[in-house]
There are 2 protein chains.
Amino acid sequence: MLKKKIRTPDSVSKAELKQKIESAKEHLGELQRQYREAGIPVILVFEGMGAAGKGVQINRLIQALDPRGFSVYTGTRPTEEEQLRPFLWRYWVRTPAKGRIAVFDRSWYRMVQTDRFEKEENQKIINSKEINEHYEDINSFEKQLADDGAVIIKFFLHIDKKEQKTRFKKLLADPETAWRVTKEDQHRNREFEKFEKINGEMIAATDQHYAPWTIVDGTKKQEAAAHIIGTVCQQLENFLERRNQKTALKQPEPAPYSMGTNILSRIDLTKSLTEEEYQKEKEVLQKRLEFLHSELYHHRIPLIIGFEGWDAGGKGGAIKRLTNRLDPRGYQVIPTAAPSDVEKEHHYLWRFWEHMPKAGHIAIFDRTWYGRVMVERVEGFCSMEEWKRAYREINAMELHLANAGAVVLKFWMHIDKDEQEKRFTERTNNPLKAWKITEEDWRNREKWDLYKAAVNEMLVKTSTDYAPWIVVEGNDKYYARIRVLRSVVEALEAESTLAISERKRS
Amino acid sequence: MLKKKIRTPDSVSKAELKQKIESAKEHLGELQRQYREAGIPVILVFEGMGAAGKGVQINRLIQALDPRGFSVYTGTRPTEEEQLRPFLWRYWVRTPAKGRIAVFDRSWYRMVQTDRFEKEENQKIINSKEINEHYEDINSFEKQLADDGAVIIKFFLHIDKKEQKTRFKKLLADPETAWRVTKEDQHRNREFEKFEKINGEMIAATDQHYAPWTIVDGTKKQEAAAHIIGTVCQQLENFLERRNQKTALKQPEPAPYSMGTNILSRIDLTKSLTEEEYQKEKEVLQKRLEFLHSELYHHRIPLIIGFEGWDAGGKGGAIKRLTNRLDPRGYQVIPTAAPSDVEKEHHYLWRFWEHMPKAGHIAIFDRTWYGRVMVERVEGFCSMEEWKRAYREINAMELHLANAGAVVLKFWMHIDKDEQEKRFTERTNNPLKAWKITEEDWRNREKWDLYKAAVNEMLVKTSTDYAPWIVVEGNDKYYARIRVLRSVVEALEAESTLAISERKRS
């Protein structure tokens, strides 16, 4: 199947080929400069059969590039660090900044290629649900990057069974290169047809207009090089052209803010606790959480908690009570401010990926990726198209985290407008707390209704069973803190992997 | 010896102690805010005997802190990533940003504490040269951070042999905690006196006024907690006071630029090569370098190459010819622009540490840490005190890298003023190269003499046998590129670990 798709290059003489490559190289160097100036990130993916020549082809391609503008990443087996994190983590943190080129020698396709083959050979079963999840993850990952303006060009280098066998033999005969042919390589050669079928399926499932595959015949190196560099140039040119046309189009008028279902109006803000009740419950829940933290650690389950809420809604206080008794070696609080200049050069989710916790650890985000559909939406820091797309992107990210075994919880710290004013005034008058309040807080307050609409829409569109929103009745601080603590404890006790509820019963 | 230094806390009642701790906690929270506003980074180090209660004490201390403002790092065994890099790498990249607190539960003292003990027990020899190198590294590391404005507070938690044995027994008796006592812990208990001696030496060798040790008796937890929090508060207060006094002092007048020894004037810029000579030599040297690169990889030697030079001095061209045939999976080119806002919040060396290569890899810096003594000095981006100190700091860093096994080379791409003007004009007139030249380049040119003085001083003060400067005669591009290639090849061939010259001879 794969073979049919391979384009046979027009037969040309050696000299012509060399000339073609040389002029394409010059052209590519010029395109790199244009892309840098335009601030467009470029992602080049190389996958293929063993010994098809990925390394050689990458080497040739990058000779045309300014080495200060690209990075090459090799898809070796994941390191310890990487194994402790969701599968996409190592790729997210390596997505290129605006105007840079990232070349991946093996990539996020490992899971649906060699890893899948190995699994199926060992266990003799095909878990198609798992495979489909991987395809979805991959497509969603690439789509997000493409939607954010990245160019993605993917190459699959193919050689046939006989050619591969010959190359392996040659490599094995030389003690200097023998180590490059693994047992797994040889196994995949013996079972070439099976492995080829897996690759064919992979290409079919992930060949998208925003990230197309080009299958390259790797038998003749020079022809393959010409094919690759020609494809890169052409796709980079096409993209620039389409982009310039798009920019020329008028931006659509923003639609009026949808009020959505008004979740916030149904929150009962009169709920409260006495100090005595608070102290008592806090003690019990913090102890319980301390125990659950060690269970998380033993079962290697990551926990991700996001805090959002009105200014002065009590995020800081809640986080403090949540972490008070936790072992500091097992959690991290990540304060989210306006993105730094480096962060601005990346996809808006990039900076959060960096902080996603290792297996068994807790990451608490004080403000989160939901900034995209709140402050960035309301203040116009991103386009309507961007924040509308963000609900889907965020759901996809949280699903990926949940699929990787993480518990994901999100808190909205809710207070009413009067309570906020009371707290603002209190802070202003208390010299110990005055630092907490700025001019900006008062300005944000004027946009209360716009934020309210955004929050309501966010709560509707991103409340999922795998990453639920918990709206916290926050007017009474005691009540709110206990509500947060209890929600975390309950979520962990319900976590089936921990099987704590079962153990309690027995 | 250690025991004598332990301060016996004044005996106070339990209630008094609790009260004391509570008020210190409040005070500490307030100090944290002051430090955040003042933008002062704080480093807290916890070392000590096994089971002395470091974890418990850190937990108690951080309860007083806003969790959004600190991070706790645990000194577990280094990960794969970390093992492939110089020993200080994992700590440099974790030094806190301005206004943040980093708490190290075990730290850079591992090498001169448990690691040393283990080594000496196994090999029955003491390598005091190596130990002294570690002390120097540590002192230089801490001094650099302190000079840059960080507060460093170090605690050593002590318990005696008997107490430790009792605690180990208790931990071992409970299956939930037994895993926490390792074979090594028990061995150190049996050889308590030896291990204590090592710790005593360590404390004596690294007890500096800018990073003092406080030895805390860990026998009674409550007393220890009071001692620790009290010490932190007091040292933070003292530092603030001293700092305010200093700021009030007048800054000294800058001294006139020293012209130093004029190395640059002795460079022969008439050296040149024909195109034919160039192509021939390039071919040979690139092939040789390709081979040496694989040798580096096999012997796990990191190679660090820094490029500095006049604008239009030919850095880019030289880097391109250097990397042309290298396997891209084994090298990285790091372009250095003005520091980002995140980088500005750290020590000026921090951002370079992030990119220091793994064992067997090559890092090529296009502009380097020498910006401190060139552009930052000339443009007044740092104080005279800061750039004067930088020569020593840079030498210390490069020595540390060399001691960790790295080959360190630095190139100054030298051209004269006329040649620069010629290249600037050429670039301006060539549409394919016009992007390379900016207004700033012309402005920098006006400061040629100031830069020249700075470069001369830099070459004199930072040319070391472990990290030499190579001044490249750059007026002729062919000559310059070959000079760079040959220098790298020769440096690697002279590298004794590779023992290539020996092999060639045999």
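These questions and answers go through some helices and strands of a predicted model.

Q: Is B:Glu121 buried or exposed?
A: B:Glu121 sits in helix α6 of chain B, residues 114–123. Its relative accessibility is 12%. Buried means under 20%, so B:Glu121 counts as buried.

Q: Which residues is B:Glu121 in contact with, leaving aside its neighbours within four places in sequence?
A: B:Glu121 belongs to helix α6 of chain B. With its neighbours within four places in sequence left aside, the contacts of B:Glu121 are B:His187, B:Glu191 and B:Lys194.

Q: Why does α12(B) count as roughly parallel to α21(B)?
A: Two packed helices are described by the angle between their axes and the distance between the axes. For helix α12 (residues 275–299) and helix α21 (residues 477–494) of chain B, the axes are 9 Å apart and the angle is about 30°. Angles under 35 degrees count as roughly parallel, so α12(B) and α21(B) are roughly parallel.

Q: How many nonpolar, polar and charged residues are in the contact of α12(B) with α21(B)?
A: The residues of α12(B) that meet α21(B) include B:Leu285, B:Leu289 and B:Gln286. Among those on the α21(B) side are B:Ile482, B:Val489 and B:Arg486. By class, the contact of α12(B) with α21(B) has eleven nonpolar, one polar and seven charged residues.

Q: Why is strand β4 of chain B described as largely enclosed by the rest of the structure?
A: In a regular strand the side chains alternate between the two faces of the sheet. B:Val151, B:Ile153, B:Phe155 and B:Leu157 point one way from β4(B), while B:Ile152, B:Lys154, B:Phe156 and B:His158 point the other way, and all are buried. The strand is largely enclosed because the buried residues number eight of the eight.

Q: Which residue of β4(B) is the bridge partner of B:Val45?
A: Strand β1 (residues 42–48) of chain B pairs with β4(B) in the parallel sense over seven bridges. In β4(B), the bridge partner of B:Val45 is B:Lys154.

Q: Which strands stand at the edges of the open sheet in chain A?
A: The sheet has five strands in the order β7-β8-β6-β9-β10, with parallel pairing. Each edge strand has a single partner strand, so one side of it is left without a neighbour in the sheet. The edge strands of this chain A sheet are β7 (331–335) and β10 (469–473).

Notes:
Residues are numbered from 1 along each chain as its sequence is written. Chains are lettered from A and ligands numbered from 1 in the order in which they are written. This is a predicted model: local features need pLDDT of at least 70, side-chain atom pairs count only at pLDDT 80 or more; totals for chains, interfaces and linings use all residues. Side-chain values use heavy atoms; hydrogens and water are left out. Helices (H or I, at least four residues) and strands (E, at least two) are DSSP runs, numbered from the N terminus. Buried means under 20% relative accessible area, exposed over 50%, partly exposed in between (1.4 Å probe, protein chains only). Contact means heavy atoms within 4.5 Å. Axes are lines fitted to C-alpha atoms, for helices over the stretch in contact, and angles run from 0 to 180 degrees between N-to-C directions. Angles under 35 degrees count as roughly parallel, over 145 as roughly antiparallel, 65 to 115 as roughly perpendicular and the rest as oblique. Ala, Val, Leu, Ile, Met, Phe, Trp, Tyr, Cys and Pro count as nonpolar, Asp, Glu, Lys and Arg as charged, and the others, Gly among them, as polar. Two strands pair if DSSP finds at least two bridges between them.
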